[in-house]
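Colleague: I am new to this model. Please take a close look at one part, the pairing of aromatic rings, and set it in its surroundings.

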Amino acid sequence: MKVAVVKAESYQSRTVNEAVNKAVDLLGGWEKYIKKGDKVLIKPNMLTAAAPEKAVTTHPEVVRAVIKAVKSQGAYPSVADSPGVSNVKKTAVKTGIWQVCEAENVPFVIWEKSRTYPCPEGKFVKHFELAEMIGDFDKIISVAKMKTHVFMGVTGAVKNLFGCIVGTNKARFHLRMQKHSDFAHVMVDLYYTLNPTLNIIDGINGMEGQGPMSGDIVNPQIIIASENGFAADLVMADKMGFKAENMPIAKAAIEENRSALLTEIETVGDGKDVKYVFKRPHTYESMQDTYVPKFILKLGQNQLTARPSITSACIGCGRCARHCPPRAINIKERKAVIDYNKCIRCYCCQELCEHQAVELKDGLILSLLKKIGIYKA
Ligand code: SF4
Ligand code: SF4
């Protein structure tokens, strides 16, 4: 199990190309993964319509580098993603990924229909409704973003694949899998259903704190690559300064014997020793690697979990209300109002609000633990 971590100072096209190719060379080279004639799906993180410098989405230059490398093998790349709720073309244009596809003469595929893909080995899910066209590809490359995630602790190569579930169908999983650990096991099943050939994480800039949408921008200046998405994510979380094996998806994969431990992974490249201290997201799961006693953690997730709160920036557009899985949000007098009895703390509202009008506020016990210094976010 090998993970390459390569330094890249900027999004200058040549720098990114060199870093991406160097990372894949350290794993054995593009020819090991992509063959002549392969139809290759490049799956970036295109969470929402945000400009590249916001660090919400995979940078278009990283997508360009992967497109060029795939083409150089005589293969046929296409790019696709299905953002949660935004218009796909608008999102692709805003993120700069559409323009890169046009410049490189590569199709950006807009997924409209889903079909059932079996997942016989799945522990939680035996089939997924995924973009119909995924089945047309020989290989998938997950091209993710290095970010914290208020629900899953971190988001990298594995969580990136959630975008293969078309549009708002994603909300159903939040409704069905309200426990962090259940949702994490579903991500493990999804990874094995899609089985990407290669995983590349754009960590030239990234996000700390309240990611994946409203956190702060950081500049780790690295590209991470591995043929195993769990290994790539473990190394990424470790570089972020988190106890990587405690991140929900990693934990679920290790429990299922589907991921190596961090100590079993060989990290190579000039970035193998870099280390950062990312601000944690305010999640219940992020507390699992603190020394807060377990009995306190079990006292009540609601008191320990950050709760979404609507700020004065809300314009009452209703986007959060339309996509809140348990329908816990209503628009009253042009402002979103949350019914906390229904809220399942999935944070989709925070993830989707384009006006940064959803803040996460600490629960009562969480605030207390911070005040007395037991827990630091
Ligand atoms: S919180 Fe954001 S998404 Fe929800 S109604 Fe207000 S502005 Fe729209
Ligand atoms: S209010 Fe927000 S956090 Fe609560 S269930 Fe709805 S989308 Fe999820």
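**Aromatic pairs and their setting**

Modeller: Of the 377 residues in the protein, 62% are buried. Keep in mind that this is a predicted model. The protein has 14 helices and 15 strands. Its accessible surface is about 15,500 Å², and 50% of that belongs to carbon and sulfur atoms. Now consider contacts between residues at least 6 apart in sequence: 74% of them join residues at least 24 apart.

On to the rings. With centres within 6.5 Å as the cut-off for a pair, the count is seven aromatic pairs. Take Phe-151 and Phe-183. Their ring centres are 5.1 Å apart, and their planes meet at 70°. An angle over 60 degrees counts as edge-to-face, so that is the label for this pair. Where do Phe-151 and Phe-183 lie? Phe-151 is in the loop between β6 (139–149) and β7 (153–155), while Phe-183 belongs to helix α7 (residues 180–194). The two parts are 32 residues apart in sequence, so the pair ties them together.

Phe-151 has 1%, so it is buried. Phe-183 has 0%, so it is buried as well.

Next, Tyr-192 and Phe-230. Here the ring centres are 5.9 Å apart and the planes are at 25°. Planes under 30 degrees apart count as stacked, so this pair is stacked. The pair links distant parts of the chain. Tyr-192 sits in helix α7 and Phe-230 in helix α8 (residues 229–239), 38 residues apart. Tyr-192 has a relative accessible area of 32%, so it is partly exposed. Phe-230, at 2%, is buried.

Now the surroundings, starting with a helix. Helix α3 (residues 60–72) has 13 residues. From first C-alpha to last it reaches 18 Å, close to the 18 Å expected at 1.5 Å a residue. Of its 13 residues, 10 are buried, so α3 is largely enclosed by the rest of the structure. Among the buried ones are Val-62, Val-63, Ile-67 and Val-70, and also Glu-61 and Arg-64. Just after α3, Gly-74 takes a positive phi of about 75°.

Then the ligands. Ligand 1 has 13 residues around it, and the closest are Cys-314, Cys-317, Gly-318, Cys-320 and Cys-353. By class, its shell holds nine nonpolar residues, three polar and one charged. Ligand 2 also has 13 residues around it. Cys-324, Cys-343, Cys-346, Tyr-347 and Cys-349 come nearest. That shell has 12 nonpolar residues, no polar ones and one charged.

Last, some backbone details. Most residues other than glycine have a negative phi, and most peptide bonds are trans. Glu-333 is not a glycine, yet its phi is positive, about 45°. It lies in the loop between β13 (329–332) and β14 (335–338). Its relative accessibility is 83%, so Glu-333 is exposed. Arg-345 also has a positive phi, near 60°. Its place is the loop between β14 and α13 (348–352). At 8% relative accessibility, Arg-345 is buried. Finally, a cis peptide bond joins Gly-211 and Pro-212, with omega about 15°. Pro-212 is in the loop between β8 (198–208) and β9 (216–218).

Notes. Residues numbered from 1 in each chain as written. Chains lettered and ligands numbered in written order. Predicted model: local features only at pLDDT ≥ 70, side-chain atom pairs only at ≥ 80, totals over all residues. Heavy atoms only, no water. Helix = DSSP H or I, 4+ residues; strand = E, 2+ residues; numbered from the N terminus. Buried < 20%, exposed > 50% of the residue type's maximum accessible area, 1.4 Å probe, protein only. Contact = heavy atoms within 4.5 Å. Areas by Shrake-Rupley, 256 points an atom, 1.4 Å probe, with all protein chains shown as cover. Near = heavy atom within 4 Å. Nonpolar A, V, L, I, M, F, W, Y, C, P; charged D, E, K, R; others polar. Expected span 1.5 Å × (residues − 1). Phe/Tyr/Trp six-rings, centres within 6.5 Å; stacked < 30°, edge-to-face > 60°.
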